[in-house]
Amino acid sequence: MRSHPGTPRATLGPVNTVDTAPPSAAPAAQVPSHADRGEARAAVGVVVDSTAMIRGTAAAALSARLEGRFAVVDLHVEVDPDPAAEAPSTPDAPVTSAEGGDDAGDAGADAESAGDPVSLPDSAWDAATLCRAMDAGRGVRTSMPSSADFVHAIRSVLDAGADQVVVLTLSAELSGTHGSAIAAAGGVREVAPVHVVDSRTTSAVLAAATRAAVTRAEAGGSIDQVVRAAQDVLDTGSAIAFVPADLVHLQRGGRIGAAASLLGKALSIVPVLTLESGAVATVGTVRTRKRAVTRLARTVVQRAVEIREDRASQDGADGTDVEHGSDVGTFDGRTPWTPAFVLVHSEDVPAPGEEPVADVPALDMALRQEAVAAGLVGEPTELVVHEDVLSTVITAHVGPGALGVAVVPAEYTAG
């Protein structure tokens, strides 16, 4: 994640639900219980799907904090063949990533086979390669992880010493990933308790909730406390809004209707979208991309102000959460909510000296201006803004050129 000094991240807060895993036909994991191993202290592991954008060194850092009790489960992206194109690059998979489905190691052979689509885990694609393929008109599809993928990830954190596991997934309204996690939880229920959380969101908000869960687990919290820490971010501490490149990719993926897509194209409408109860919803529509950037910034800053006011009214004078006491936040009582803004887009984050991604500087400036006008900060430079790249699975649905902003608690924006 790239940081812009002085800008907080903000996210629009979808409602969160927690599911108790039912019995499932998923194969039971053959993992010895920790009681059999003679271990006295319970420890919670955390698993999340790849749409949370926790990859590479960030994933390794969270794994290190939990002594290996952290794993990322990849979704997959499949791209129609292009005989003239080279195979997508396949970087080394993060040590904490549980990869299922197609083997990334066979990607080159698959890509070179005439007429065969290229299917790779989310973590194996790079943003530039996928965007070039989509810009060239190649068909793109995504697929959820199997229950076996989640079983593999759960087993890995149990092997690392976990006695209980919390699994966080992107919204069940957007993907069957949550269902696969539920099935996996049923498959290991005889070995260890697994709590599956439908985040009702994705991207930077899911990442912040995951970091909150890891922080509580690192402090020795119970499985209920770890879930509550994640829920605190999801329910009352975050929000997200975004502007797609166009409505075509959302319509192809079934996230909006064909009529809405055609009407938007005919009228040159640029929508500003969010997630409500886990599904795509419209904040408003404008007629130009420039106005959409301004509306996007204003929407998320206003939501940040609302979150701060709501949380202040719910907290006691000593900063302790009125309802949950010391069971949330930093666990000695909820700390004052400080927002941080995460700017997300479908392109690679440019290296120092390279040209910035289109509309990112304008959005950064708009966020700072709106934050000062709303009284969120006194000076534009006081705002802290981070920049990150969307999961390629999300890019497949919102298209190259998509732009979004999340507002989340500043303490959960990195590490």
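Residues are numbered from 1 along each chain as its sequence is written, and side-chain values use heavy atoms, without hydrogens or water. Because the model is predicted, local features need pLDDT of at least 70 and side-chain atom pairs count only at pLDDT 80 or more, while totals for chains, interfaces and linings use all residues.

The secondary structure of the protein chain comes to 12 helices and 16 strands. Helices (H or I, at least four residues) and strands (E, at least two) are DSSP runs, numbered from the N terminus. Of the 415 residues, 53% count as buried. Buried means under 20% relative accessible area, exposed over 50%, and partly exposed in between (1.4 Å probe, protein chains only).

In soluble globular proteins, nonpolar side chains tend to be buried together. A nonpolar core is here a set of buried Ala, Val, Leu, Ile, Met, Phe, Trp, Tyr and Cys residues joined through side-chain atoms within 4.5 Å. The largest such core holds 57 residues. Within this core, V46, V48, I54, F70, V166, L168 and V226 touch the most other members. Helix α6 (residues 203–218) gives the most to the core, with 10 residues. A second, separate core has 31 residues, including L296, L343, A366 and V407. V166, from the largest core, is in contact with V44, G45, V46, V47, H195, V197, I223, V226 and V227, leaving aside neighbours within four places in sequence.

Helix α1 (residues 56–65) has A59, L62 and S63 as its buried residues. These residues cover an arc of only 100° around the axis, so they lie on the same side of α1. The arc is that of the directions from the helix axis to the C-beta atoms. T57 and A64 are exposed on the other side of α1. The cover over the buried residues of α1 includes β4 (70–73) and α6. Helix α5 (residues 177–187) is mostly covered, with 10 of its 11 residues buried. Among the buried residues of α5 are T177, H178, I182 and G187.

Most residues other than glycine have a negative phi, and most peptide bonds are trans. M53 has a positive phi of about 65° although it is not a glycine. M53 lies in the loop between β3 (44–49) and α1. The residue M53 is buried, with a relative accessible area of 5%. Just after α1, E67 takes a positive phi of about 55°. R200, also not a glycine, has a positive phi of about 60°. The loop between β10 (194–198) and α6 holds R200.

Three further positions were examined. G220 is found in the loop between α6 and α7 (223–236). G220 is partly exposed, at 41% relative accessible area. The C-alpha atoms of G220 and A43 are separated by 6.7 Å, although these residues are 177 residues apart along the chain. E370 is found in helix α11 (residues 360–373). At 17% relative accessibility, E370 counts as buried. Not counting residues up to four places away in sequence, E370 touches T294, A297, R298 and V301. V408 lies in strand β16 and is buried, with a relative accessible area of 0%. The C-alpha atoms of V408 and I307 are separated by 9.8 Å, with the two residues 101 residues apart along the chain.

The second largest pocket has a volume of about 380 Å³. On a 1 Å grid over the protein atoms alone, a pocket is an open set of points where a 1.4 Å probe fits, with protein on both sides within 12 Å along at least five of seven lines; lining residues have an atom within 4 Å of a point. Grid points are joined across faces, edges and corners, and the volume is the space filled by probe spheres set on the points. The lining of this pocket comprises 26 residues, of which L174, T202, I394, H397 and V398 lie nearest the centre. By class, the lining has 17 nonpolar, 8 polar and 1 charged residues. Ala, Val, Leu, Ile, Met, Phe, Trp, Tyr, Cys and Pro count as nonpolar, Asp, Glu, Lys and Arg as charged, and the others, Gly among them, as polar. β8 (140–143), β11 (239–243), α12 (392–398) and β16 (403–409) each supply at least two lining residues. Helix α12 gives the most, with 4 residues.

Notes
Contact means heavy atoms within 4.5 Å.
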